[in-house]
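Please keep the sequence and the model at hand while reading.

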Amino acid sequence: MSDDIWILGITMTKFGKHPDLDTVDLAAQAAMAALADGGVTMADIGVLAAGNLIGGGGLGQQLQKQIGQTGIPVYNVSNACATGATALRTVIMAIKAGECDMGLAVGVEKLSGAGLLGAGGTAKSDKNVYEPSGRYGAVTNTDGRIGTNNMPGTFAQIGMEYGHKYGGTSFELFAKISEKNHSHSTLNPLAAYTKKMSLEQIMGDMMIAYPNTRPMCSANCDGGAAAVVISGAKLKTLSLEQQRRAVKVSASVLTSDPWSESCQVLPDVNTLTRMASTQAYEQAGVGPADLDLVELHDCFATAELVHYDNLQLCEQGGAVDFFTSGAPWRDGTMPVNVSGGLQSKGHPISATGIANIWEVCHHLRGEAGDRQIQGARVGLAHVIGLGSACGVHILEKSAA
Amino acid sequence: MSNFDGAAANLLTMGPKRCTYKGGPMATAVPIVDYLVLGDNPHLIARECTGCGARFFDRRNACASCFATTFSNAPISTTGELKAFTIVAFAAPGVPVPFVAGVVDCDGTSVRGNVIGVDPDPDHVALGMKVKLTTYVVGTDDDGTEAIGFGFAPLEA
């Protein structure tokens, strides 16, 4: 019991446009709110992990200068879209290792107006003579000539590959997944976009990479999230109210790609997610049927479908039937992305892996207001960063 | 990018081969990437692990699957089945859209490439489509050298 790991305080900022706040401001806002939520101060914190991808580096130390410099070890973490979950897991590992009994994990990103991610290919223009360069000996820009590097196109293929393997997918099916998440978002005041969208609106919107139209893509936005993590032994020394609101981390897992044939040319987001969920269910001693809600990484509508399967919410190959049964709607048997998901809540990359844990904790604490999943006791949060890294956390309501 | 990639290019054991002699009166051609082999029967070539047969289109220090350190060159089948695709309508500046990007299963080896020779719309591209490798001129540099690209076109029945 004293080896248990708990979330003592956790928060996310409003996701959206924050033109007046920089990366460090957002991190400070999230961190101070998480400390207040846990009823502790920086004096209690023994380790800090700070996740950020495009802020320029060294976020953790900049954050300390805003909220309190105490000389504790700082880990600046970068792990693609799994950065937030990796920061959290870094703190969890430090506590498990006995180096300290309380730590702070922060993830923050400024992404408003960032445009198309992954489309970094720049043509050689300084000297127009073909010379091979790079790992593939390319003589010119290959993006768009040998497939696509951009994220909407990459994840579109991942959904289509599932359809090729198991059948049953269509443009309309993927759009319906997005319809669900946009519908859920209407109940989340912290989401970047909270408008319900009809199937016709979603399918008729601007096509980005078939079958993903614009509302089927995660929303670039600004946001931060932070969590205070504590050992079970230390938690016992705190107030009953703190113990009651604390959420147990029953499983914390991070995986990377094992070798697979096709992941060399198209990222395989399936194998490492299935591995992570299997390990997490074993660690937590629960199964998919025990989950009351799931926040999974719907960076695109096409991605959500494959993760129903990868997280074992359905039989292998059964994701289409699982969705069409209505199960993942908030009134279904297995509510998925009741926050609105990345498609409407937004995806400030490094904040995402903590914000989805906040969403689950919010329900387990019974504090989710209009969107509360009644009686929620166990939830799962999943993120994936391409390359790849997958984080899965299983959280349980306090018995206290 | 430039320093690292430049150094890396020098280490290539399987460099791109120019089709005809450079500087001559005839147009020379270079493949867009070093794993495209030009000539009478254009095809792709992979580095195949001698330990487990895993294939890679770039060089590896050791096999990602079994950690063996020796590789041989393996030609890839020029026909295959389209197992995933997307139609990119919105891309980085300079990338002409729309285009069909996909993954082709070439006799068990997954290959990334565009589907060409079809209208880029969902009525003309289908999962499971049989395709074959074709080449085309991507562009010409200031020396008159042509860059040859590849794509996958529908295989006529």
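Is A:Asp205 buried, partly exposed or exposed? With a relative accessible area of 22%, A:Asp205 is partly exposed, because the buried class ends under 20%. It should be kept in mind throughout that the model is a predicted one.

**Salt bridges**

The side chain of A:Asp205 meets that of A:Arg214 in a salt bridge, with 3.0 Å from N to O. A:Arg214, at 46% relative accessibility, likewise counts as partly exposed.

| Salt bridge | N to O distance |
|---|---|
| A:Arg245 and A:Asp37 | 2.8 Å |
| A:Arg365 and A:Asp37 | 2.9 Å |
| A:Arg214 and A:Asp205 | 3.0 Å |

A:Asp37 takes part in a salt bridge with A:Arg245 and in another with A:Arg365. The accessibility of the two partners can be set side by side: A:Arg245 counts as buried at 14% relative accessibility, whereas A:Asp37 is partly exposed, its relative accessible area being 21%.

The salt bridge of A:Arg365 with A:Asp37 also links distant parts of the chain, with A:Arg365 in the loop between helix H13 (349-364) and strand E10 (378-385) of chain A, and A:Asp37 in helix H1 of chain A, 328 residues apart. A:Arg365 counts as buried, at 9% relative accessibility. Together with A:Glu367, the residues A:Asp37, A:Arg245 and A:Arg365 are linked in a network of salt bridges.

**Helix packing in chain A**

Two packed helices are described by the angle between their axes and the distance between the axes. Helix H4 (residues 151-166) of chain A packs against helix H10 (residues 301-310) of chain A at an angle of about 50°, and their axes are 7 Å apart. H4(A) and H10(A) are therefore oblique to each other, and their crossing is left-handed. On the side of H4(A), the contact is made by A:Phe155, A:Ala156, A:Ile158, A:Gly159, A:Tyr162 and A:Tyr166, and on the side of H10(A) by A:Thr302, A:Ala303, A:Leu305, A:Val306 and A:Asp309. Sorted by class, the contact of H4(A) with H10(A) has eight nonpolar, two polar and one charged residues.

For helix H3 (residues 83-96) of chain A and H13(A), the axes come within 5 Å and cross at roughly 65°, which makes H3(A) roughly perpendicular to H13(A). H3(A) contributes A:Thr83, A:Gly84, A:Ala85 and A:Leu88 to the contact, and H13(A) contributes A:Ser350, A:Gly353, A:Ile354 and A:Ile357. The residues of the contact of H3(A) with H13(A) divide into four nonpolar and four polar, with no charged residue.

**Chain B**

Chain B has one helix and 10 strands, and along the sequence these follow the pattern α-β-β-β-β-β-β-β-β-β-β. Of the 157 residues in chain B, buried residues make up 43%. Among the contacts in chain B with a separation of 6 or more, 44% are accounted for by residues 24 or more positions apart.

Definitions and conventions. Residues are numbered from 1 along each chain as its sequence is written. Chains are lettered from A and ligands numbered from 1 in the order in which they are written. This is a predicted model: local features need pLDDT of at least 70, side-chain atom pairs count only at pLDDT 80 or more; totals for chains, interfaces and linings use all residues. Side-chain values use heavy atoms; hydrogens and water are left out. Axes are lines fitted to C-alpha atoms, for helices over the stretch in contact, and angles run from 0 to 180 degrees between N-to-C directions. Helices (H or I, at least four residues) and strands (E, at least two) are DSSP runs, numbered from the N terminus. Angles under 35 degrees count as roughly parallel, over 145 as roughly antiparallel, 65 to 115 as roughly perpendicular and the rest as oblique. A crossing is left-handed if the near helix is turned anticlockwise from the far one by less than a right angle, and right-handed if clockwise. Contact means heavy atoms within 4.5 Å. Ala, Val, Leu, Ile, Met, Phe, Trp, Tyr, Cys and Pro count as nonpolar, Asp, Glu, Lys and Arg as charged, and the others, Gly among them, as polar. A salt bridge is a side-chain nitrogen of Lys or Arg within 4 Å of a carboxyl oxygen of Asp or Glu. Buried means under 20% relative accessible area, exposed over 50%, partly exposed in between (1.4 Å probe, protein chains only).
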